[in-house]
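Here is a short briefing on one protein structure. Look over the sequence and the model before reading on.

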Amino acid sequence: MRMHEKGIETILAVAMSRTLGKAAELLNVTQSTISYNLSELESEMGMILVDRQKGMKSIRLTPAGEGFLPLALKWQEVCREIGNARSPGSAYSLTIGGSESVNCRLLPEIYNILLEHEPPVYLRILTDPSDQMYQAVESRALDVAITLHEENTRYVQIEPFY
């Protein structure tokens with residue numbers, strides 16, 4: 001099976017933004033391209049991944065989509081690692097965690113700057129609740145997390161951001 005790479009990029013953007021319009025902005029494509037890429041991926045996978053009904057203000061992943069999301073993240077990570085392996089030492093890696101509002105409203109401009117950086121920045125963005133992000137930083141699954149509330153933790157350095 002040859003995975004529809006644009007579809008994976010699209011479902012990750014949709015999962016992060018929760019609307020087709022915002023996903024289109026994130027990927028710098030049209031909303032119809034987002035719909036097409038999702039349809040192609042769903043067809044290839046043989047399952048509906050996104051619940052997109054007319055009149056819904058935001059869309060959500062189906063249970064199959066929620067199950068597919070971690071695999072899509074791994075797929076994206078492996079593709080980037082393969083790209084980085086082609087030119088060792090010429091890329092940086094950064095994993096950032098944030099809430100949905102932080103990732104979709106506060107940081108997209110910063111993410112775009114990082115993605116255009118030379119040498120390339122392998123950027124991985126995760127959306128999780130604050131308590132999970134603290135655990136992910138402690139376990140080094142995240143390099144940095146931007147949370148909405150502060151938790152006392154022994155192994156995480158906390159700095160005000162905004």
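The points below cover the sheet, the helices and the side chains.

This is a predicted model, where local features need pLDDT of at least 70, side-chain atom pairs count only at pLDDT 80 or more, and totals for chains, interfaces and linings use all residues. Residues are numbered from 1 along each chain as its sequence is written, and side-chain values use heavy atoms, leaving out hydrogens and water. Helices (H or I, at least four residues) and strands (E, at least two) are DSSP runs, numbered from the N terminus.

**The sheet**

- Three strands form an open sheet in the order E4-E3-E5, with parallel pairing. Two strands pair if DSSP finds at least two bridges between them.
- Strand E4 (121–127) and strand E5 (144–146) are at the edges with a single partner strand each, so one side of each has no neighbour in the sheet.
- On average, neighbouring strands of this sheet are turned by 20° against each other, direction ignored. Axes are lines fitted to C-alpha atoms (for helices, over the stretch in contact), and angles between N-to-C directions run from 0 to 180 degrees.
- Seven bridges link E3 and E4 in the parallel sense. Ser 93 stands opposite Tyr 122 in E4.
- Three bridges join E3 (residues 92–98) to E5. Gly 97 has Ala 145 of E5 as its bridge partner, and Gly 98 stands opposite Ile 146 in E5.

**Helices on the sheet**

- Helix H7 (residues 130–138) lies across E3 and E5. H7 runs at about 165° to E5.

**Two helices that cross**

- Two packed helices are described by the angle between their axes and the distance between the axes.
- The axes of helix H1 (residues 5–17) and helix H3 (residues 31–45) come within 8 Å. They cross at roughly 115°.
- H1 contributes Lys 6, Gly 7, Ile 8, Thr 10, Ile 11 and Val 14 to the contact. H3 contributes Ile 34, Asn 37, Leu 38 and Leu 41. Contact means heavy atoms within 4.5 Å.

**Charged side chains**

- Side chains of opposite charge can pair when their charged atoms come close.
- The whole structure holds three salt bridges. A salt bridge is a side-chain nitrogen of Lys or Arg within 4 Å of a carboxyl oxygen of Asp or Glu.
- One of them joins Lys 6 and Glu 9, at 3.9 Å from N to O. Both residues lie in helix H1, three residues apart, about one turn of the helix.
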